[in-house]
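Notebook open, structure loaded. I'm jotting things down as I look them up.

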Amino acid sequence: MNRRGMEHMILRDLSSSIKYSSQLSLIMLNIDNFREIIEGTGYLSGGRLLRDFVRIAKRTLSGRQKSVLGRWADNEFVILSQCSGAAA
């Protein structure tokens, strides 16, 4: 999901979290040295790096039904996760 979609989802879920007194987590991730990787190895390598990162992140989040991964900027990603019960 892109930044605009994530912004919309964050606002929607934050409103719902306040309304129902539920917990909400926002995790920001940054791929260190991403610009240097692209400049040193090219955009194709950078694209592969991003695809691999997203694949691993989605696999890691697959057990959490209410977690969403989105791209925030070039090398920044956001995970939005609604928490409930024992998972909170």
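Predicted model: local features only at pLDDT ≥ 70, side-chain atom pairs only at ≥ 80, totals over all residues.

Cut-off to keep at hand before I start: a residue is exposed over 50% relative accessible area, buried under 20%, and partly exposed in between.

**Entry: S21**
I put S21 against that cut-off, and at 68% relative accessibility it counts as exposed. I find S21 in the loop between α1 (3–20) and β1 (23–30).

**Entry: N33**
I noted another positive phi at N33, near 60°, and N33 isn't a glycine either. N33 sits in the loop between β1 and α2 (34–41).

**Entry: overall layout**
I stepped back to the whole protein. I get three helices and three strands, and going along the sequence they run α-β-α-α-β-β. The C-alpha trace spans about 50 × 25 × 15 Å along its principal axes. Of the 88 residues, 26% are buried. For the accessible surface I have about 6300 Å², with 54% of it belonging to carbon and sulfur atoms.

I looked at contact range too. Taking contacts between residues at least 6 apart in sequence, I see 57% joining residues at least 24 apart.

Charges next: I have 13 positive and 8 negative side chains. The centres of those two sets lie 11 Å apart.

**Entry: aromatic pairs**
How many aromatic pairs does a search of the whole structure find? I ran it and got one. The pair is F53 with F77: ring centres are 4.7 Å apart and the planes sit at 45°, so I logged it as tilted. F53 belongs to helix α3 (residues 43–61) and F77 to strand β3 (residues 76–83), so the pair ties together parts that are 24 residues apart in sequence.

Are the two partners buried or exposed? I get 23% relative accessibility for F53, so F53 counts as partly exposed. F77 comes out at 3%, so F77 is buried.

**Entry: L49**
I stayed in helix α3 for L49. Its relative accessible area is 28%, so I have L49 down as partly exposed. What does L49 touch, not counting residues up to four places away in sequence? My list is I31, F34 and I37.

I also checked L49 against A73. They are 24 residues apart in sequence, and I get 15 Å between them in space, C-alpha to C-alpha.

**Entry: S67**
Last residue on my list. S67 is in strand β2 (residues 67–73). At 14% relative accessibility, I count S67 as buried. Which side chain does the side chain of S67 make a polar contact with? I find S81 there, at 2.9 Å. Leaving aside neighbours within four places in sequence, I have S67 in contact with L61, L80 and S81.

**Recap for myself**
I've got one aromatic pair from the search, linking helix α3 and strand β3. I've also got a side-chain polar contact between S67 and S81.

Key
Residues numbered from 1 in each chain as written. Heavy atoms only, no water. Phe/Tyr/Trp six-rings, centres within 6.5 Å; stacked < 30°, edge-to-face > 60°. Helix = DSSP H or I, 4+ residues; strand = E, 2+ residues; numbered from the N terminus. Buried < 20%, exposed > 50% of the residue type's maximum accessible area, 1.4 Å probe, protein only. Polar contact = N/O pair within 3.5 Å; in protein donor to acceptor, adjacent residues only side chain to side chain. Contact = heavy atoms within 4.5 Å. Areas by Shrake-Rupley, 256 points an atom, 1.4 Å probe, with all protein chains shown as cover. Lys, Arg positive; Asp, Glu negative; His and termini not counted. Charge placed at Lys NZ, Arg CZ, Asp CG, Glu CD.
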